[in-house]
Amino acid sequence: MRTQVAIIGGGPSGLLLAQLLHRHGIDSVVLERKTKDYVLSRIRAGVLEQGLVQLMEQAGCADRLRSKGHVHDGTLIAYGDTMFRLDFTDLTGTPVIVYGQTEVTRDLYAAREAAGGPIEFEVEDVTIHDADTDRPHVTYNVGGAARRIDCDFIAGCDGFHGVSRQAIPLTIRREYEKVYPFGWLGVLSETPPVNPELIYANSPRGFALCSMRSDTLSRYYIQCSLSDKPEDWTDAAFWQELKRRIPPDQAERLVTGPSIEKSIAPLRSFVTEPMRWGRLFLCGDAAHIVPPTGAKGLNTAASDVHYLFTGLRQFYDTGATDGIDSYSAKALARVWKVERFSWWFSSLMHRYPDQSDFDLRIQIAELEFLRTNRAAQQAMAENYVGLPY
Ligand code: FAD
Ligand code: DHB
């Protein structure tokens, strides 16, 4: 098989890139290790920046997002006996949209299918060849048959555990990592959200987040120990712990119900440099991970896709390579700012096992500063709604 861009990974990065390329007349083949149902069963991000919304428009996939997504003008931050609101629209002129990653992915699959664009599911042993030459190719197995795709470029959109990053030689690749001493236990339940806006809570028992997917579907998270397993937590134990971590009036109003999904995610900051090697480009979680506080993972994958799509489009339109040549530097400049924000917001909102009384006082002073200082609120809000591309 021959295509212009071989895309490894059928998550949001790979699918969005494929659809943007398709709308511009550039062919691609998407290779996905799992089934479509499996990809759609993963419950992940829920808050979209305007940049991602605009890319979905550009990809011709924003109709459902526009009708079913909820505009959120602000968020609540709770600590001690205090709760305050950050008004994003007042502070930055921009709201965020609450619309699940599952739905984004579903819309992108629907568009890919409508366009008749090739996707191979359940591929195995994907291997990248000759990425440092002008004639790269990818080999893989599907249903027991060996396949080969010759291409102009390879987009490594295969997430943190994919093969693309590993294809960059260690003499060239540099990785930066910070692992946090806790995880997030997340529950999805068919109950109305406790509050119309998200609540981020720093409580003495640890962090909690009240989020949602719709008026009838809630998503809640609590900070948990890295050794916890989802099956250690009954629904009753989860609800009880959540109630102890959020303001009492919210806890009173909280509607509980059976969980329809329960999972634990470890928290990690990770960046690999460079994000390009020859004709291989890394996008999204393949190149970087942020701790989830602030909902930046999916949104940062989207900004990578924007830079890569812009570079590839320029190459196919004019033959110029400056867009693809500057891809890694441009993407990384934004990635590091998002890493900083996610690290800062995580540090502000969680209880650390080794936190001293001094550290705790500093955390509270920082929360007080954020509550009372408009410049601090503006800096927070600009990052939360999404830095410009
Ligand atoms: P992925 O979504 O990981 O997609 C990569 C795809 O590549 C997958 O479908 C995978 O099956 C496929 N793949 C992997 N290896 C291969 C291979 N060798 N060959 C072919 N295909 C392969 N972000 C937030 O903003 N908020 C959240 O609440 C949040 N929660 C999260 C919870 C969890 C458990 C995880 C893991 C992530 C979470 N994130 C969250 C991050 C966010 O979901 C990711 O940033 C986003 O999914 C990145 O998209 P991606 O397409 O780059 O990678
Ligand atoms: C969600 C996840 C986040 O990490 C976040 O900061 C906000 C919302 C969510 O899954 O809804």
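Which residues in helix 12 meet which residues in helix 13? I looked this up in a predicted model, where local features need pLDDT of at least 70, side-chain atom pairs count only at pLDDT 80 or more, and totals for chains, interfaces and linings use all residues. Residues are numbered from 1 along each chain as its sequence is written, and side-chain values use heavy atoms, with hydrogens and water left out.

**Helix contact**

I found F369, L370, R371 and T372 of helix 12 meeting R374, A376, Q377 and M380 of helix 13 (contact means heavy atoms within 4.5 Å). I noted 4 nonpolar, 2 polar and 2 charged residues in this contact. Helices here are DSSP runs of H or I with at least four residues, strands are runs of E with at least two, and both are numbered from the N terminus.

**Salt bridges**

I then read that the structure holds 23 salt bridges (a side-chain nitrogen of Lys or Arg within 4 Å of a carboxyl oxygen of Asp or Glu).

I looked up R268 and E177, whose closest N and O atoms are 2.5 Å apart in a salt bridge. R268 lies in strand 17 and E177 in strand 13, so the pair ties together parts 91 residues apart in sequence.

I also checked R106, which forms a salt bridge with E103 at 3.3 Å between the closest N and O atoms. Both residues lie in helix 6, 3 residues apart, about one turn of the helix. R64, E103, R106 and D107 are linked in a network of salt bridges.

Conventions:
Chains lettered and ligands numbered in written order. Nonpolar A, V, L, I, M, F, W, Y, C, P; charged D, E, K, R; others polar.
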